[in-house]
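Please read it alongside the sequence and the model.

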Amino acid sequence: MISIENISKWYSDFRVLTDCTTSVKKGEVVVVCGPSGSGKSTLIKCVNGLEPVQEGRITVDGDEVTAKHANLTALRSRIGMVFQHFELYPHMSVLENLCLAQEKVLGRSRSEAVARAEKLLARVGMADHVKKYPSQLSGGQQQRIAIARSLAMDPIAMLFDEPTSALDPEMIKEVLDVMVELAQEGMTMMVVTHEMGFARKVADRVIFMDEGAIIEDRPTTEFFDNPVSERAKDFLSKILNH
Amino acid sequence: MEYNWNWSILFEEQYLNWLISGFGWTVSVALSAWCIAIVIGALVGVGKTVPNKVIRGICATYVEIFRNVPLLVQMFIWYFAVPEMLPDDWGRWMKRDMPNPEFVTAVVALGLYTASRIAEQVRAGIETVPPGLTAAATAHGLSVGQTYRYVLLPISFRMIVPPLTSEFLTVFKNSSLALTIGLLELTAQSQQIAEYTFQGFEAFTAATVIYVCIALVATVLMQLLEKYTRIPGYVGKEG
Ligand SMILES: Nc1ncnc2c1ncn2[C@@H]1O[C@H](COP(=O)(O)OP(=O)(O)OP(=O)(O)O)[C@@H](O)[C@H]1O
Ligand SMILES: [Mg+2]
């Protein structure tokens, strides 16, 4: 589904990604972790072409993201993305947040879009809040809406960039629950997170990054039970004793 | 010095008509210029934020030129210099055949000048929108144009209603400069009444009162607009 081949990326002279190679199969859930500044966000932003890469090749469902004349808007509309700070459109009601891209990008009719939106809001437990504005909702509620907004596009894969790290502890669970359910339904997911409980529960593989490189890329239990690299051991001991 | 107060001249038919006609020109110049300024200001302001360097450069140059040359000088340039610089036919047309040349020139000069100021507000407004929102819109497949249309502009326009109010008031005040190229707007008409009647205080008091009324109406309108478009609970970029 997602294939990342030998990508490298620089911000002017600064090398953010070094020769990263990995892939995510259909229905697979891959968790990306690593210390701050290791390039996790950058890596997943490259997958939907939000950030260009200077070397290497990325394909999603057979379409090359890194191609010179790739039709990025069409490609992106098929990949959901959820951000750390939710990024809901503040001037639109919850319902409009879910309808905008459905109507403007997918060309759905108003009634189709509304129907799809209402179904997904019910699914993330937000059906009673369609008319509210984002700033009138808690962080956990906003993030669930952001997930619903991405799902409304009927994506073939979902990217998550630290979806719970801006949330108060008591709201983390409600968001993780939605994500677990999604994973169990077979959604293809690439998730940057430090929620190791989530990783153990639903991830098929864990990718550990440091200084822009993929250090480990292994099945979940193997990664947790005997990490090979010192850096991953170090990272795990810090994060698990936290 | 003995001054003979005579407020009643303001209500003599001839002078009252002058005031009304002056008021009409002032409002026409200001509103027409405002329309030009909003459209061009929005385009240039957006242009200053787009990824394309050439467009950004052109828009930045526009703002620097029109914002920094005094408005009075710009009026004179449009009225006296531009017809000479154009090809003969066009110049002759501007001087001889263009309807209402003072009015048109004043609207163009004031509109383009105000546009440069609005462009700066628009740019600043767009820059207050958190970059993550643009990323989200892009990630959902919206094109650059759609991102501006549905996300960046609606948010930034709401943020800049207060500074726009002050620009809106300024455009009425600045319209008085049109008298220098011979447009008989409110200030010019009051001056004329003063010359005919020697009742300068009354004439200029009338003009002042009318300007203040215009300002009050404009402020109320903009406040309604602000109230109507406010985003519930939203205060812009955090930190
Ligand atoms: N726009 C940018 N310009 C220059 N450098 C950048 C830019 N964005 C990120 N970087 C740098 O690239 C490196 C990787 O950033 P990235 O955001 O991918 O890290 P991360 O692993 O997601 O970290 P975090 O856990 O803090 O989110 C960091 O050193 C960061 O400072
Ligand atoms: Mg990050």
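Is the crossing of H1(B) and H10(B) left-handed or right-handed? The crossing of these two helices is right-handed, where right-handed means that the near helix is turned clockwise from the far one by less than a right angle, and left-handed anticlockwise. This is a predicted model, in which local features need pLDDT of at least 70 and side-chain atom pairs count only at pLDDT 80 or more, while totals for chains, interfaces and linings use all residues; side-chain values use heavy atoms, without hydrogens and water. Residues are numbered from 1 along each chain as its sequence is written, and chains are lettered from A and ligands numbered from 1 in the order in which they are written.

**Helix pair in chain B**
- Helices (DSSP runs of H or I, at least four residues) and strands (E, at least two) are numbered from the N terminus.
- The axes of H1 (residues 13–47) and H10 (residues 200–229) of chain B cross at roughly 40° and come within 12 Å; axes are lines fitted to C-alpha atoms over the stretch in contact, with angles from 0 to 180 degrees between N-to-C directions.
- H1(B) contributes Leu19(B), Phe23(B), Thr26(B) and Val27(B) to the contact, and H10(B) contributes Ala206(B), Ile210(B), Tyr211(B) and Ile214(B); contact means heavy atoms within 4.5 Å.
- Seven residues of this contact are nonpolar, one is polar and none is charged, with Ala, Val, Leu, Ile, Met, Phe, Trp, Tyr, Cys and Pro counted as nonpolar, Asp, Glu, Lys and Arg as charged, and the others as polar.

**Chain A overall**
- Chain A has nine helices and 10 strands.
- Its C-alpha trace spans about 50 × 45 × 30 Å along the principal axes of chain A.

**Met158(A)**
- Met158(A) belongs to strand E7 (residues 157–161) of chain A and is buried, because its relative accessible area is 1%.
- Met81(A) is 77 residues from Met158(A) in sequence, yet their C-alpha atoms are 5.7 Å apart.
- Beyond four places in sequence, Met158(A) touches residues including Gly80(A), Val82(A), Ile147(A) and Leu182(A).

**Glu120(B)**
- Glu120(B) sits in helix H5 (residues 101–127) of chain B, and counts as buried because its relative accessibility is 14%.

Methods:
Buried < 20%, exposed > 50% of the residue type's maximum accessible area, 1.4 Å probe, protein only.
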